[in-house]
Amino acid sequence: MSRGEHVIISRKEVVKTIIHDWIIVPGKILVRNKKAFAGFLILAFYIFIATIGPYITPYPRPWTCDRYLAPTLFKIPPTIDHPLGCDYFGKDIWAQIVWGAPTVLQIAFIAGLITTLVGITVGMVSGFKGGIVDAILMGITDIVMTIPGLPLLIVLATVIRATDPWVVGLMLSVTAWAGLARSIRSQVLSIKQREFIEAAKALGLPTYHIVFFEIMPNLMSYIAINFIFATTGAIYASVGLYFLGVLPFTSFNWGIMLNMAYAQAGAHHRLDTMHYIAAPILAVIGLQVGLILFSYAIDEMFNPRLRTEV
Amino acid sequence: MLNWFIKRALLAVLTILVAASLTFFIVRSMPGDPIEALTQQFIYQYRMSYDEAHKLAMSVAPFIPKGTILEQYIDYMSKFLRGNLGVSISYSTGASVAELLASRIPWTVLIVATALVISFGLGIFIGMIMAYKHGGKLDSALALVFSITRSIPEYLVAIFMLSFFAFQLKWFPIRGAYSVEPGFTLEFIADVLRHAALPILTWVIVHLGGWALGMRGSTVSVLGEDYIAYAKARGIASRRIVFTYIGRNAILPLFTSFMISLGFMFGGSIFIEYIFSYPGVGYMLYQAIQNRDWYLMIGTFDVIVIAVVLGTFIADILYGFLDPRIRRGVR
């Protein structure tokens with residue numbers, strides 16, 4: 001039964017449609033696409049670590065194992081006492097990875113969300129309103145795009161001294177939204193010319209309806225992909241800022257681990273201490289790979305024209 | 001055309017002024033003052049007592065700007081417009097920011113411009129091959145690899161390079177830009193190249209993917225154009241089709257990004273220069289931030305912004321010349 005027909009749809013059917021549209025169809029797409037499925041599994045693993053992990057992994061305390069103990073996971077026979085070994089303070093490295101995961105994921109998600117929302121809003125308003133509003137918004141966007149992002153972030157980090165994930169996330173989005181805003185604007189401009197928008201306008205449909213129900217669905221896959229890219233960008237920037245030591249060290253974070261291993265311990269100098277710096281490096285790379293692989297299914301999931309094939 | 005040019009040039013100048021003003025106020029709202037930062041640095045560096053270090057730090061006082069923040073801003077901007085970027089407070093105290101920048105810029109240009117040209121050239125080449133084998137095994141494998149390498153932070157690659165090739169294998173030096181007496185000797189040039197190799201390699205690994213994927217997408221869309229089918233039907237030699245019909249049109253959009261990347265190069269190499277202790281603009285900016293060296297910071301920012309604006313500006317103008325559709329007066 002299609003949604004366009006003039007029948008009263010019962011609540012049960014609404015639930016059924018929602019389950020079909022948001023769980024069954026994406027699930028089918030995911031299982032069919034091997035790369036995206038691998039990405040999904042990796043992301044699920046990271047989310048599991050970040051949410052359940054701290055409850056089942058003991059808090060990393062100093063002097064609970066030997067300094068620079070080699071990973072026991074790669075010993076013969078392997079054990080899971082200290083799977084990734086220990087650092088120069090005798091702290092378990094796996095526990096540090098687990099306890100660092102929540103903040104890394106939170107910051108990445110929040111920054112990705114804010115970047116995408118600001119980008120969409122500015123791009124939509126600019127493309128849809130046109131005229132003087134467009135000129136002003138795009139003027140600001142152009143200036144933001146020329147300000148070098150990373151140096152600005154380093155300065156901002158020392159100005160704000162942010163510790164709350166929301167504040168860090170907000171800070172990371174300060175220049176990141178501009179590129180997305182520009183491309184959303186040009187997408188809106190091209191969609192605005194299509195017949196179905198003209199038809200909707202001729203029917204006298206309100207602006208919010210045209211924006212949210214006519215234009216948005218056509219941009220959804222684009223927006224979702226850019227959300228993933230914004231998230232990977234935020235991971236890059238936040239871990240990098242902690243690595244440089246310009247953000248205040250509060251709880252555990254892979255960037256702080258990197259800073260400790262690189263600047264304090266010099267773990268990259270010798271082979272027998274290498275596992276200390278390798279752990280946060282691989283944790284970050286794994287998360288980035290998971291996000292990129294997962295993005296392979298996004299276009300199929302959100303593009304209204306591709307979805308019908310399922 | 002002239003009208004467009006004047007408008008575009010005015011916009012560029014306006015952007016530089018706004019960005020320079022913004023950075024002035026952001027930098028000046030940083031907590032901590034240079035004297036305190038310098039005192040701490042002396043205590044750490046020379047193992048001095050606090051009083052001794054403080055006295056030494058106070059000797060830079062004549063270089064610390066005075067007056068209200070607004071007076072300082074007006075003073076700074078009027079000097080900025082005349083090309084005077086002020087003096088450094090901490091980093092070799094009293095040296096002019098412009099001179100410090102001039103001594104650092106060549107090193108950044110050496111590693112980043114070289115890396116940019118290599119990754120652009122190689123990326124264009126690989127991207128075109130991928131586009132011709134579009135949908136094949138090689139294409140999809142490379143597309144996957146590149147989309148992953150593109151998202152790996154360069155500081156992670158740099159740490160890996162440093163510990164593997166410099167510390168373990170000892171093939172390359174671990175820090176700095178040169179270790180022999182500077183001069184126009186073969187030995188010095190070889191030494192500089194050996195020091196630049198790992199930073200360049202790191203940059204190329206991270207950025208190659210973006211160029212290759214960009215070129216692939218661009219070429220695939222050109223391949224679908226009618227004029228390519230028509231050129232084939234006319235029996236034009238396939239080499240000519242590949243280079244003048246496809247290659248040229250596919251590179252055009254990437255060329256703009258190339259110019260913009262050239263502009264951004266001073267701001268984008270902080271991590272690499274920090275890890276390899278390479279004496280470029282990025283490393284100096286990092287040290288300036290640590291030392292609260294206000295004018296050195298603002299000056300470096302301004303140079304980066306000017307480079308970006310110039311890069312975009314030149315890209316816009318050249319695009320007009322390179323793209324025949326725009327050149328023949330459509331604009």
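Reader: In which helix of chain B is the place of B:F188?
Author: Residues are numbered from 1 along each chain as its sequence is written, while chains are lettered from A and ligands numbered from 1 in the order in which they are written. Helices (H or I, at least four residues) and strands (E, at least two) are DSSP runs, numbered from the N terminus. B:F188 belongs to the run of residues 186-223 of chain B, which is helix 8.

Reader: Does B:F188 count as buried, exposed or partly exposed?
Author: A residue is buried if 20 or more other C-beta atoms, placed from the backbone, lie within 10 Å of its own, exposed if 12 or fewer, and partly exposed in between. B:F188 has 15 C-beta neighbours inside 10 Å, so it counts as partly exposed.

Reader: Which residues does B:F188 touch, not counting residues up to four places away in sequence?
Author: Two residues are in contact if their C-beta atoms, placed from the backbone, lie within 7 Å. B:R240 is 52 residues from B:F188 in sequence and 43 Å from it in space, C-alpha to C-alpha. The residues that B:F188 touches are B:Y178, B:V180, B:P182 and B:G183.

Reader: Among contacts in chain B between residues at least 6 apart in sequence, what percentage joins residues at least 24 apart?
Author: Chain B has 14 helices and zero strands, and its C-alpha trace spans about 85 × 60 × 40 Å along the principal axes. Of its 331 residues, 37% are buried. Among contacts at a separation of at least 6, the share joining residues at least 24 apart is 72%.

Reader: Where in helix 5 of chain B does a kink lie?
Author: Helix 5 (residues 97-132) has 36 residues and reaches 50 Å from its first C-alpha to its last, close to the 52 Å expected at 1.5 Å a residue; the expected span is 1.5 Å times one less than the number of residues. The bend at a residue is the angle between axes fitted to the seven residues ending there and the seven starting there. The kink is about 30° and comes shortly before the proline B:P106, at B:R104.

Reader: On which residue is the kink in helix 7 of chain A centred?
Author: The 28 residues of this helix (residues 165-192) should span 40 Å at 1.5 Å a residue, which agrees with the 37 Å between its end C-alpha atoms. The kink is about 50°, centred on A:V174.

Reader: What is the phi of B:S277?
Author: B:S277 lies in the loop between helix 11 and helix 12 of chain B. B:S277 counts as partly exposed because it has 14 C-beta neighbours inside 10 Å. Most residues other than glycine have a negative phi. B:S277, a residue other than glycine, has a positive phi, near 45°.

Reader: Which helix of chain B gives the most residues to the side that touches chain A?
Author: In the interface, 35 residues of chain B are in contact with 31 residues of chain A. Helices 1, 6, 7, 11, 12 and 13 of chain B each supply at least two residues of that side. With eight residues, the most is given by helix 7.

Reader: How many residues on the side of chain B that touches chain A are nonpolar?
Author: Ala, Val, Leu, Ile, Met, Phe, Trp, Tyr, Cys and Pro count as nonpolar, Asp, Glu, Lys and Arg as charged, and the others, Gly among them, as polar. On this side no residues are charged and eight are polar, while the nonpolar residues number 27.

Reader: Which residue of chain B does A:F243 touch?
Author: A:F243 lies in helix 9 (residues 207-244) of chain A, and it is buried because 29 other C-beta atoms lie within 10 Å. A:L258, 15 residues away in sequence, is 5.6 Å from A:F243, C-alpha to C-alpha. Not counting residues up to four places away, A:F243 touches A:G255, A:L258, A:N259 and, in chain B, B:Y155.

Reader: Which residues touch the most other members of the largest nonpolar core?
Author: A nonpolar core is a set of buried Ala, Val, Leu, Ile, Met, Phe, Trp, Tyr and Cys residues joined through C-beta atoms within 7 Å. Among the 164 residues of the largest one, those touching the most other members are A:L153, A:I277 and B:A158.

Reader: Over which residues of chain A does pLDDT stay under 50?
Author: The mean pLDDT of chain A is 82, and 92% of its residues reach 70 or more. Where pLDDT is low, the predicted coordinates should not be read in detail. The stretch with pLDDT under 50, for which the model has zero contacts beyond four places in sequence, is residues 1-5.

How values were computed:
Predicted model: local features only at pLDDT ≥ 70, side-chain atom pairs only at ≥ 80, totals over all residues. pLDDT = per-residue confidence, 0-100.
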